[in-house]
Amino acid sequence: MPTRRTFLAAAAAAPIAPKAAGTRGELPTPALLLDLDAFNANLDKMAAHLKKQGRAFRPHAKTHKCPEIARRLLKAGAVGACAAKISEAEALAAGGVTGLLLTSAMIGRDRIRRAIGLARRRPETMFSVDDARNVRDLNDAAGAARLKLNLAIDLLVGNRTGIEPGAPAAELARLIAKLPNVKLAGLQAYANNAAHVIGFEARRSFSRAAMARAVETRRLIEKSGIACPLVTGGSTGTYNIDSQIDGVTELQPGSFIFMDIDYNRIGGADGAVYRDFRNALTVLTTVISKPSKDAAIVDGGFKSFSTDKPFPPETKNLAGVTYAWAGDEHGKLTAAQGPVPVELGDRVEFIVPHCDPTVNLYDSIYVMKGEAVEAVWPITARGKSQ
Ligand SMILES: Cc1ncc(COP(=O)(O)O)c(C=O)c1O
């Protein structure tokens, strides 16, 4: 007979893996779901668009944090994947993902040490820089490791990180060209404040102005005899704008594979709702209490959905029913008129407010083909924010 101690040790050593079989109705909830047909349609549409426009495609993996998804994007024609942080990049590399671009700077000894480790395993990896001292630190660390690091100058074309475009960036490019253990790969030019500008025309003029500064900076750098092959940036909101700007060589959208309410609200070229990509990502919940005929409680709250937006999740198939936050583990459903049309045990599925931080709450994603669970993909970079 196993003792209590050996039983507990065995239980701890063998986590219960989610099953890749069954149906939507059998899933434990809350569960993160991916509609495979919608995902494939989104992926094909973006890949075909960028191919037609003659731009490279390096989708940002901060959205999905899932090596299986990154590998599928590579198969569809992506040249690599962007990663926000070194731990995210390490998890992707361990999952066989190549062509990584780190879009945040490697500041501090620990990050630089890990960057060197990653570059040793994947020499094509590119690292973003916006500071001369950091460039020198990376050069020294690369020299000690007998490596040459590929650097992308992060330009302040939005309102977050980066060095000023124009002369300051050109000066940093000259420093990189002078140092023996680093090489200029190009310009990282992500206009964070362009992606969600409401209205297509407003978004287009905003993004064009931001990316023009990147293209001009590249011209300035190349005028001084330094090769600057890459100008990369763009988002789901600006993919059909930036891909038409001369000099932007590649795009790095992320959310298009999943979509969320935030993106639906920005408006498309053809109307008030942005529908260029399908809502492939949902969270499935269960009604666990009906305190009255006018209210139902589901088992998903702050720990099941992103909470950074001023709007809650929206039901996928229950018109007229709205969700309100009811705590860490709970949400409250009410109907516009009369009793809420769900019973105890019913499944309710939601479109999420913001896809990236929602995905980061789950260990794996259930891949759905109609009602059937086709696969379960681990989100191995989930929680990797260092
Ligand atoms: C540096 C960078 N590039 C690209 C993206 C992708 O943007 P989106 O998910 O809006 O397509 C992001 C998203 O935050 C980002 O931070």
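Arg-146 sits in the loop that runs between α6 (132-144) and β6 (149-154), where helices (H or I, at least four residues) and strands (E, at least two) are DSSP runs numbered from the N terminus. Although Arg-146 is not a glycine, it has a positive phi of about 55 degrees. The structure is a predicted model, in which local features need pLDDT of at least 70, side-chain atom pairs count only at pLDDT 80 or more, and totals for chains, interfaces and linings use all residues. Residues are numbered from 1 along each chain as its sequence is written.

Pro-30 belongs to the loop between α1 (4-13) and β1 (31-35).

Turning to the overall picture, the protein has eleven helices and 17 strands. Its C-alpha atoms fill a box of roughly 70 × 65 × 35 Å along the principal axes.

The domain assignment gives domain 1 (18-33 + 276-378) and domain 2 (36-264), with bounds that come from an automatic or database domain assignment. The centres of domain 1 and domain 2, taken over C-alpha atoms, are separated by 33 Å. Between them, 22 residues of domain 1 are in contact with 22 residues of domain 2, contact meaning that C-beta atoms, placed from the backbone, lie within 7 Å. On the side of domain 1 that touches domain 2, the elements giving two or more residues are α11 (355-359), β16 (364-369) and β17 (372-378). Of these, β16 gives the most, with four residues. By class, this side of domain 1 has 13 nonpolar, three polar and six charged residues; Ala, Val, Leu, Ile, Met, Phe, Trp, Tyr, Cys and Pro count as nonpolar, Asp, Glu, Lys and Arg as charged, and the others, Gly among them, as polar.

Two helix pairs complete the description. Helix α7 (residues 167-178) and helix α8 (residues 200-223) pack at an angle of about 45 degrees, with their axes 9 Å apart; axes are lines fitted to C-alpha atoms, for helices over the stretch in contact, and angles run from 0 to 180 degrees between N-to-C directions. The two helices α7 and α8 are therefore oblique to each other, given that angles under 35 degrees count as roughly parallel, over 145 as roughly antiparallel, 65 to 115 as roughly perpendicular and the rest as oblique. Their contact is made by Ala-169, Ala-170 and Ala-173 of α7 and Thr-217, Leu-220 and Ile-221 of α8. These residues divide into five nonpolar, one polar and no charged.

For helix α4 (residues 86-94) and helix α5 (residues 109-121), the axes come within 10 Å and cross at roughly 20 degrees. Helices α4 and α5 are therefore roughly parallel to each other. Ile-86, Ala-89, Glu-90 and Ala-93 of α4 meet Arg-111, Arg-114, Ala-115, Leu-118 and Arg-121 of α5. This contact of α4 with α5 has five nonpolar, no polar and four charged residues.

Definitions and conventions. Two residues are in contact if their C-beta atoms, placed from the backbone, lie within 7 Å.
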